[in-house]
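Here is a short briefing to read alongside the structure. Have the viewer open and follow the points one topic at a time.

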Amino acid sequence: MAARGTTPQQEIAFRRGTLHGKQLDAKQREELLKPFLPAEPTSSDEAKAARRRRASLKSKPKSKRHGPVKTFLYFAIYHFIALLFSIFFRFRRAYRLVRGKLISLLKYHHRTPEFIAHDVKNLVKLPKHLSVIVEYQEDDGSQGTAGLEGLVNDVCEIAAWAASAGIPLLSVYERTGVLKNYLPQTHASIWNTLEAYFGARRKPTLSLRAPHLSSYSPPNTPPQTAELNGDDLKEDRQHLTVLLLSEHDGRDTIVDLTRTLAEMAQKGDVHQEQINMELIDAQLNDHVSSEPDLLILFSPTVQLKGYPPWQLRLTEIFHLPDNKGVNYQVFLRALYNFAKVEMRLGR
Amino acid sequence: MGSLHDSRIHKWFATSPPVAWTVRQLRELLIGSLKQGPIPQHVAFVMDGNRRFARNHHIETVEGHNLGFESLARILEVCYKTGVKVVTIYAFSIENFKRSKHEVDALMSMAKVKLQQLAEHGALLDRYGASVRVLGQRELISPDVLQAVDKAVAMTAHNKKAVLNVCFPYTSRHEITTAVMKTVETYSTPIHNLPTPSKRTFSESHIAQTIRKQMLEEDTESRVEQPESRSASPSPKATAQAEDERSSSTSTAINPPEKDESQEPTFLDPETIGAQTLNDHMMTADAPPLDLLVRTSGVERLSDFMLWQCHENTSIVFLKCLWPEFDLWQFLPVLVEWQWQQKKLREEQQRSRGRSKSD
């Protein structure tokens, strides 16, 4: 508030357009602003020439003043700031890392759904559609999270947490979409993880799907059974849908839709006026995914990396600064943040 | 958080001329130093928190918006002085029309007044070299405001150094829909009716005309050389007439058979539509890719802003501070962190390039 570098008179003048109680006209206002403006434009040749002319006429040393000394000063200050901040960033990262580790120690789920259910018990609202962005790391296997195996492992864990928390729909975005090639295998892995969490009798039913590919739910776990049978069974055996998304479901899908619409328009099947937001929304909703309520990023910064744009409209985006890799505390803190509840560490 | 009228001594001190001067020099110095590093080419701001700021400080909502505008002016100064090419601001969402009529009217009149003032100071804007563009659904703007908008846009159109995109009534879904619609329109219009079928600088009709002229000249030359062939070619007057007729018609056809084809409309191939085609139909078509998106007031949502532009490699930053409090001092860490990340990214790229070379 204070550090703007303007005096109260100037402030009033800028705000109300008056100086000493008098209304200013356009010219006076310009005079007032002069000291705050950058130098006259040098980009256009005309101005450059004019400036050179003026400089040669009046004051030669004036143009020298902005020369090497100032440049050096800028250079020095830039590197000083960069150094200062890089130290600050490193300390902050270390602090956040330690804090994150502490929280994940305090809030470990022990691979038990009851613990997770207890963690989210106090939350007034849970996302109906949760989305996560995970990354496929080719190398850098420092934590055993590299490659396809690490990716499947991450997806399984997240699916199990979501099922334990009672979230019915989970969409997993991974840029390359490599998992889409292994639908049955991924399904089997998630299935096993759910079994490890819930036990064979109570594990939720699971269906795995990806846009443009048919839903994959093996015959021994028909998704409808839970709804068809009695209420008590329905409560026990909830259903989890996992949706796999990739970069292709973003821009490319919108491009595909445009192509189809253009083709239809050429045949005269669709008129230009018929293309509206509802039509596009309905198409993308049906073929790709609905709008997620919450998007969790496990990366240190917010970069969406090609996540389907249309669906992101009102999605709450959560990330834990400086966090790297999938872990439970990010998931939990995202849910707390979504419900606007402060997370208490002591129980 | 104290009220605006708190700590008078502090305020008196901070606004006393020498301190103000020093602070201003310091700002200039910082801005000049920031320029030494990489600078984002395109920055977008979601100016959120004006109303909450007003509520916290017990002032009118409209006054909060006014303070927000001042904040915008300050941040624009910082951006353009550091060398940001394009700044996009979310001024007004289509959804905002649902707010109270009083507030909407006040916002509209504020926009009008500010744009009028802007138009008065065309020469000053030239110093920044910034041109104003308004993105959004123009039909929703009332005529008097629209007039001010058009005037400001026209006045600054010649500036090429920097761009200020004001999203005013805007939502990203509307933008994407419009882009899809325009693309479909382009591709469903028969090629022959298009004024310029492609973006090439050469026009087919012009080339056709030149060819015809050349043919005509050859004709006349040959006629001069061999006057006996005159009977074979039509008389010069007749050709001139035909020429006139042809050039007056908009058809681009050189020879008649093509004219018959135009009755069966031919279209551009829809398979040639790509992400770039849609990109070109977005409202930010000629702007560089969005590097940085800043949203204030701690809300971690995009709220229908720049969805198409920011879902690739944009760094999105959510800040806790409210928009009227946003200034160089809040923006500096964001910018420095972005520079830091950029440096890291470049190092990583170099390393991976080096690795691939050594492999």
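In this predicted model, seven salt bridges are found across the interface of chain A and chain B. One of the charged pairs there is R175(A) with E312(B), whose side chains meet at 3.0 Å, N to O. Side chains of opposite charge can pair when their charged atoms come close.

**The interface as a whole**
- The contact draws on 76 residues of chain A and 79 residues of chain B.
- About 7,200 Å² is buried between chain A and chain B, and carbon and sulfur atoms give 61% of that area.
- On the chain A side, the residues that lose the most area to chain B are Y78(A), R251(A) and Q266(A), which together make up 11% of what that side buries.
- Polar contacts across the interface of chain A and chain B involve 20 residue pairs, with both residues at pLDDT 80 or more.

**What chain A brings to the interface**
- Elements giving two or more residues to the side of chain A that touches chain B include helix 1 (8-16), helix 2 (26-33), helix 11 (251-267), helix 12 (277-287) and strand 8 (316-319) of chain A.
- Which element of chain A gives the most to the side that touches chain B? That is helix 5 of chain A, with 14 residues.
- Sorted by class, the side of chain A that touches chain B holds 38 nonpolar, 17 polar and 21 charged residues.

**Salt bridges beyond the interface**
- Over all chains, the structure holds 30 salt bridges.
- Within chain A, the side chains of K305(A) and E135(A) form a salt bridge at 3.6 Å, N to O.
- This pair links distant parts of the chain, 170 residues apart: K305(A) lies in the loop between strand 7 (294-297) and strand 8 of chain A, while E135(A) lies in the loop between strand 3 (129-134) and helix 7 (147-165) of chain A.

**A strand pair in chain B**
- Strand 3 (residues 130-135) and strand 4 (residues 162-167) of chain B run parallel and are joined by six bridges.
- Opposite L135(B) stands C167(B), in strand 4 of chain B.
- From strand 3 of chain B, the chain passes through helix 7 (residues 143-156) of chain B to strand 4 of chain B, in a left-handed β-α-β crossover.

Definitions and conventions. Residues are numbered from 1 along each chain as its sequence is written. Chains are lettered from A and ligands numbered from 1 in the order in which they are written. This is a predicted model: local features need pLDDT of at least 70, side-chain atom pairs count only at pLDDT 80 or more; totals for chains, interfaces and linings use all residues. Side-chain values use heavy atoms; hydrogens and water are left out. Contact means heavy atoms within 4.5 Å. Buried area is the accessible area (1.4 Å probe) that two parts lose on being put together, summed over both. A salt bridge is a side-chain nitrogen of Lys or Arg within 4 Å of a carboxyl oxygen of Asp or Glu. A polar contact is a pair of N or O atoms within 3.5 Å; within protein, one must be able to donate a hydrogen and the other to accept it, and residues adjacent in sequence count only if both atoms are side-chain atoms. Helices (H or I, at least four residues) and strands (E, at least two) are DSSP runs, numbered from the N terminus. Ala, Val, Leu, Ile, Met, Phe, Trp, Tyr, Cys and Pro count as nonpolar, Asp, Glu, Lys and Arg as charged, and the others, Gly among them, as polar. Two strands pair if DSSP finds at least two bridges between them. A crossover is right-handed if, with the strands pointing away from the viewer, the path from the first strand over the helix to the second runs clockwise.
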